[in-house]
Amino acid sequence: MTDLENLWQPFKLGRIELAHRLAMAPMTRNRANPDGTPGALAVEYYGQRASLGLLITEGTQPSADGQGYMNTPGIYTPEHIAGWSTVAGAVHEKGGRLFIQLMHVGRMSHPDNTPHHRRPVAPSAISAEQEMYTARGPKRTPVPRELSAAEIQDVIGEFRHAAASAIAAGADGVEVHAANGYLLHQFLAPNANQRTDEYGGSIENRARLSIEVARAVADEIGADRTGIRISPGFPLGGLDEGGAEAVRAQYGYLVGELAQLGLAYLHVHHLGDDELLASFRRVWPSAVLVVRYGREREGIATDIDRGLADIAPLGRFALANPDIVERLRTGAPLNDLDPSTLYTGGAHGYIDYPTLTRAEM
């Protein structure tokens, strides 16, 4: 048995059938049109990678308040729906399935980068103290405006509307982004969430928004078309969730509550606490996806082999190798990633990585 043999087993994820255990991880690329509509380059980019089976898109804002970076896509206007419909059609034509990741960045934003140029919103009026790239160069993230309890309900409604819009665009499902330093993750972190109402203070209260968003999205489009991403203990965006015991307590509760919703999958951006990951596996009733920083080619199937995951999402490998599935099946060499083109816009470093066929011409 080869190290990667378990990757080639079929799998049923929610209501879709997958031919293998690979997927494309969500990766921000900053190539959307100024109004947040994905353009022709995105159609080519995702279509090129359809052999990965399950493609989870870059973070896509559910509202104007949800945008943090320049030229990221949205999924809340008719124009956004039309743009994503073309992307979904290209992916489906080549046999792939598309989940749109719903990402509200919260305080990880700057007014220069949003359509309305208002202050970011967050659980509490505490700045992330991060550098944010804008058209005028790097700027410090400002002190955000604390969401009122009524506005939190509006945010839940924005996720619900975005999920419905994604399905209207032909996507196969959505992934709720509760990770990587963004809004739902901010509510989970005590140093960013200092609220004294039902959305702050206790473990249960800090988890409330993630659970309510997941429930609303599942009610809107079906639990079997809804995934959620978490990143326990990741100190991204200036977040501090405490030590290992605090993280285990917070996420043990969160995952246990989410498990009752019957979602299609749990996507873990894993920092390395395998005991915590194993605890998720014990309570989660459906698919678990695990992505790790720095995973090398020979380790792609390790979590699947160990029974900790069902699917292995690929980031940099998928980005630099449109035909990564064929390359892994055949043992072919991989293209190297060019980090300088990750967020620069345009075709270079986006749709021009060579395939094996092109390399042989």
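Analyst: Start with contact: two residues touch when heavy atoms lie within 4.5 Å. Helices (H or I, at least four residues) and strands (E, at least two) are DSSP runs, numbered from the N terminus. The model is predicted: local features need pLDDT of at least 70, side-chain atom pairs count only at pLDDT 80 or more, and totals for chains, interfaces and linings use all residues. Residues are numbered from 1 along each chain as its sequence is written, and side-chain values use heavy atoms, with hydrogens and water left out.

User: How many helices and strands does the protein have?

Analyst: The protein has 11 helices and 14 strands. Its radius of gyration is 19 Å, close to the 21 Å of the globule rule for 361 residues, so the protein is as compact as a globular protein of that length. That radius is taken over C-alpha atoms, and the rule is 2.2 Å times the number of residues to the power 0.38. Along the principal axes, the C-alpha atoms fill a box of roughly 60 × 45 × 35 Å.

User: What share of the residues counts as buried?

Analyst: Buried means under 20% relative accessible area, exposed over 50%, and partly exposed in between (1.4 Å probe, protein chains only). Of the 361 residues here, 58% count as buried. Now look at contacts with a separation of 6 or more: residues 24 or more positions apart account for 68% of them.

User: Now a helix pair. At what angle do α1 and α2 pack?

Analyst: Axes are lines fitted to C-alpha atoms, for helices over the stretch in contact, and angles run from 0 to 180 degrees between N-to-C directions. Helix α1 (residues 40–48) packs on helix α2 (residues 78–93) at about 25 degrees, with the axes 8 Å apart. Angles under 35 degrees count as roughly parallel, over 145 as roughly antiparallel, 65 to 115 as roughly perpendicular and the rest as oblique. The two helices are therefore roughly parallel.

User: Is their crossing left-handed or right-handed?

Analyst: A crossing is left-handed if the near helix is turned anticlockwise from the far one by less than a right angle, and right-handed if clockwise. The α1 and α2 crossing is right-handed.

User: Which residues meet there?

Analyst: From α1 come Ala42, Val43, Tyr46 and Gly47; from α2 come Trp84, Thr86, Val87, Ala90 and Val91. The contact holds 7 nonpolar residues, 2 polar and no charged. Ala, Val, Leu, Ile, Met, Phe, Trp, Tyr, Cys and Pro count as nonpolar, Asp, Glu, Lys and Arg as charged, and the others, Gly among them, as polar.

User: Which residues of α1 are buried?

Analyst: Ala42, Val43, Tyr45, Tyr46, Gly47 and Gln48 are buried in α1. They pack against β3 (22–24), β4 (54–56), α2, β5 (97–102) and α9 (316–320).

User: What angle does α3 make with α5?

Analyst: Helix α3 (residues 149–168) and α5 cross at roughly 35 degrees, and their axes come within 9 Å. This crossing is right-handed. On the α3 side the contact includes Ile152, Phe159 and Arg160; on the α5 side, Leu209, Glu212 and Asp219 are among the residues. The contact divides into 11 nonpolar, 1 polar and 4 charged residues.

User: And how do α5 and α6 cross?

Analyst: Helix α5 (residues 203–221) and helix α6 (residues 244–259) cross at roughly 35 degrees, with axes that come within 10 Å. α5 passes α6 in a right-handed crossing. Ile203, Arg206 and Ala214 are among the α5 residues that meet α6, whose partners include Gln250, Tyr253 and Leu258.

User: Single residues next. Where does histidine 267 lie, and what does it touch?

Analyst: Histidine 267 sits in strand β12 (residues 265–270). Its relative accessibility is 0%, so it counts as buried. Leaving out residues up to four places away in sequence, histidine 267 touches Pro26, Ile56, Glu175, Ile228, Arg229, Ile230, Leu289, Val291 and Pro313.

User: What about glutamine 9: where is its place?

Analyst: Glutamine 9 is in the segment before β1 (11–13). With 37% relative accessibility, glutamine 9 counts as partly exposed. Not counting residues up to four places away in sequence, it touches Ala19, His20 and Arg21.

User: What is the phi of asparagine 71?

Analyst: Asparagine 71 is not a glycine, yet it has a positive phi of about 55 degrees. It lies in the loop between β4 and α2. Its relative accessible area is 27%, so asparagine 71 is partly exposed.

User: Where is glutamate 129 found?

Analyst: Glutamate 129 is in the loop between β6 (121–122) and β7 (131–134). Its phi is near 55 degrees, a positive value in a residue other than glycine. Glutamate 129 is partly exposed at 44% relative accessible area.
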